[in-house]
Amino acid sequence: MATLAPTSSFFLLLLLILQLYSGKSDLQINYYSESCPRAEEVIKEQVTNLYNIHGNTAVSWIRNLFHDCIVKSCDASLLLDTAEGMESEKTSSRNFGMRNFKYINTIKEALEKECPMKVSCADIVALSARDGVVLLGGPHVEMKTGRKDSKESYVAQVEGFVPNHNDTIQSVLSVFQSIGVDTEGTVALLGAHSIGRVHCTNIVHRIYPTVDPTLDPTYAEYLKGRCPSPEPNPNAIEYARNDRITPMLLDNMYYKNILSHKGLLLVDQQLVSDPDTYPFVEKMAADNAYFHEQFSKALLILSENNPLTEEQGEIRRDCRYKN
Ligand code: HEM
Ligand SMILES: *[C@@H]1O[C@H](CO)[C@@H](O)[C@H](O)[C@H]1NC(C)=O
């Protein structure tokens, strides 16, 4: 049996110490193994309980990850409420329709009971999405932890990062490219629109005054039934489900839907008409395992976008307010 020579084990130790003292350790697998060994289990328990009560909480956790991480960093800046003259990102029109934020507090309270002031809200955003994906029939994504929370909200920057429902696919691709997600990964991430809902405000321009010719006519009739007025009251809960066939499954039905011209958002439908994205749509529609594989990869990159580590951020006591 080969054993390490004493000198090489000395250098390994030195390296470890250097890393500990450098103060800027990167994200790591099981970051809380010492400080809060049950952290990941507690999050999973809470996410599962919440899913059993309100299945759509799991849907929200996935959208949270996107809307938090794409704006500068995965730093839970999305979760801050308006306070002390700082306006919440939740008020941006790009974050319209986001829901279930109050249940983040449920998860955070369980963690505070387990080990006070140890687990960041940014890691709750990441891990709740990871666990939500599995509950919705998606793949398990191995995620690192150790993100810290921002002390700032970036409401003015949301529109620069979160695309609008009618943006061109090329502009969507360039936003994702800027954080390291390629075309294939972007097509996979949009597969998140295989779950959840879209409010009529984001749909009516495709059916009134005339029906968008890229929309399946029978499907357009169905949408008119869901959204009977061309000017929906934005406060009314009028919406259509993203995927009528398997609405609570993160599966490749989304790609089959858009191939048959049953995409809800303009951005969804464009994945089919753009020659850069179309081949991936076809592949994902044909193979759920391939979709899951690409979705995992891209979600991981998104979840590691520019995290704040150690002194760059804090661990919030309450995810809605900085300490
Ligand atoms: C890149 C372009 C994207 C655009 C323009 C976009 C836009 C939208 C819009 C307009 C809605 C409906 C909001 C409403 O009316 O209530 C929505 C819902 C949703 N989006 Fe996206 N999205 C994009 C990408 C993503 C990505 C990358 C993810 C996650 C990985 C995601 C996850 C979701 C989920 C889960 C919902 C349903 C939310 C619910 O039912 O509460 N989206 N998106
Ligand atoms: C996109 O939709 C917004 C409303 O969300 C609208 O104000 C804007 O004019 C639309 N842009 C295009 C290019 O259609």
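A residue is near a molecule or strand if its C-beta atom, placed from the backbone, lies within 6 Å of it.

## Model and numbering

This is a predicted model, in which local features need pLDDT of at least 70 and side-chain atom pairs count only at pLDDT 80 or more, while totals for chains, interfaces and linings use all residues. Residues are numbered from 1 along each chain as its sequence is written, and chains are lettered from A and ligands numbered from 1 in the order in which they are written.

The shell around ligand 1 holds 25 residues, of which Gly 97, Leu 189, Ala 192, Gly 196 and His 199 come nearest. Two or more residues are given by helix H3 (56-69) and by strand S1 (197-199), where helices (H or I, at least four residues) and strands (E, at least two) are DSSP runs, numbered from the N terminus. H3 gives the most, with 5 residues.

By class the shell has 13 nonpolar, 8 polar and 4 charged residues; Ala, Val, Leu, Ile, Met, Phe, Trp, Tyr, Cys and Pro count as nonpolar, Asp, Glu, Lys and Arg as charged, and the others, Gly among them, as polar.

## Two domains

The chain is assigned domain 1 (35-162 + 303-312) and domain 2 (169-302), with bounds from an automatic or database domain assignment, and each of the two gives at least three residues to the shell around ligand 1. Their centres, taken over C-alpha atoms, are separated by 23 Å. The contact takes 19 residues from domain 1 and 17 residues from domain 2, contact requiring C-beta atoms, placed from the backbone, within 7 Å. On the domain 1 side, H3 supplies the largest share, 5 residues.

Terms used. Contact = placed C-beta atoms within 7 Å.
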